[in-house]
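Thanks, everyone. Please put the model up, and I'll walk you through two places in it.

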Amino acid sequence: MTSATTILRADGRRPDELRPVTITRRFLDAGEGSVLVEFGGTKVLCVASFTEGVPRWRKGSGEGWVTAEYSMLPRATSTRSDRESVRGKVGGRTHEISRLVGRSLRAIIDVAALGENTIVLDCDVLQADGGTRTAAITGAYVALADAVAWGLAKGAIDKRRTVLRDSVSAVSVGIIDGVPMLDLPYSEDVRAETDMNVVVTGAGTFVEVQGTAEHAPFDRSELDALLDLALTGTAELNRLQLAVLAAPASDGSATRVPVTVTAAGTVA
């Protein structure tokens, strides 16, 4: 029997390897935080908008609010889809992913320390090749961190408070031909026996686990293997996020900080 460690996937990766991942900060001139995140062929633009004030239902609470909106461009995939604004209704999948991104970010931010300010993360999929929601969460965290830094610099946030309690990232895992694999592109995702998205903090604690048996039920040992893979992948993504945020920052879209996770799992 072939060992899982010797199996190579269609793109040449081992089962426990991420796709090439790049995070480019300050991708746009506009936005208090903006990031282009790429997981292989998946490209998602995440823009954070910082505004003073909170929704009416939160006024007077002394707490801020963080939320997210997710959408996919009409030609993000091989065939064009109609814009949801044209259809006149936001689809269930879009709504679900928007809520997931928002929940993931609120898990690691102290809304009391944020004060009565609002940060909205717009995550737009430019190109989809599997793992769009996990890429959105991973990139949105970096955009959120830049927006918080902007608020601190402008005096909108009390400098004595710690707003971000941790980082957060996400990755997909699945079982392909009986083998647990990390970070699935579309070609693997569509034939996975089990498909899972896992959201994890920088400390290694779980925010959300979404798992489904597509063709056959999975047992406890397979679940454990998938969660172990997800922890390995998100630990690499966390190192990548920290490296990008530690890079010198300056204004303007010309400032690009691409950092790639190599096949060996190190930051290059």
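Start with helix α2. Its buried residues are T94, I97, S98, L100, V101, G102, S104 and L105. Buried means under 20% relative accessible area, exposed over 50%, partly exposed in between, with a 1.4 Å probe and protein chains only.

A word on the source. This is a predicted model: local features need pLDDT of at least 70, side-chain atom pairs count only at pLDDT 80 or more, and totals for chains, interfaces and linings use all residues. Residues are numbered from 1 along each chain as its sequence is written, and side-chain values use heavy atoms, with hydrogens and water left out.

Now, which helix does α2 cross? Helix α2, residues 92–106, meets helix α4, residues 132–153: their axes come within 10 Å and cross at roughly 40°. That angle makes α2 oblique to α4. Oblique is what remains after roughly parallel (under 35 degrees), roughly antiparallel (over 145) and roughly perpendicular (65 to 115).

Who makes the contact, meaning heavy atoms within 4.5 Å? From α2, R93, E96, I97, L100, V101, S104 and L105. From α4, T132, R133, A136, I137, A140, Y141 and L144.

Second stop: D183. D183 sits in the loop between β7 (179–182) and α5 (186–189). Buried or exposed? D183 is buried, with a relative accessible area of 0%. What does D183 touch, leaving aside neighbours within four places in sequence? The partners are R9, R13, E17, L18, R19, F39, V171, S172, V173 and E188.

How values were computed:
Axes fitted to C-alpha atoms, helices over the stretch in contact; angles between N-to-C directions. Helix = DSSP H or I, 4+ residues; strand = E, 2+ residues; numbered from the N terminus. Contact = heavy atoms within 4.5 Å.
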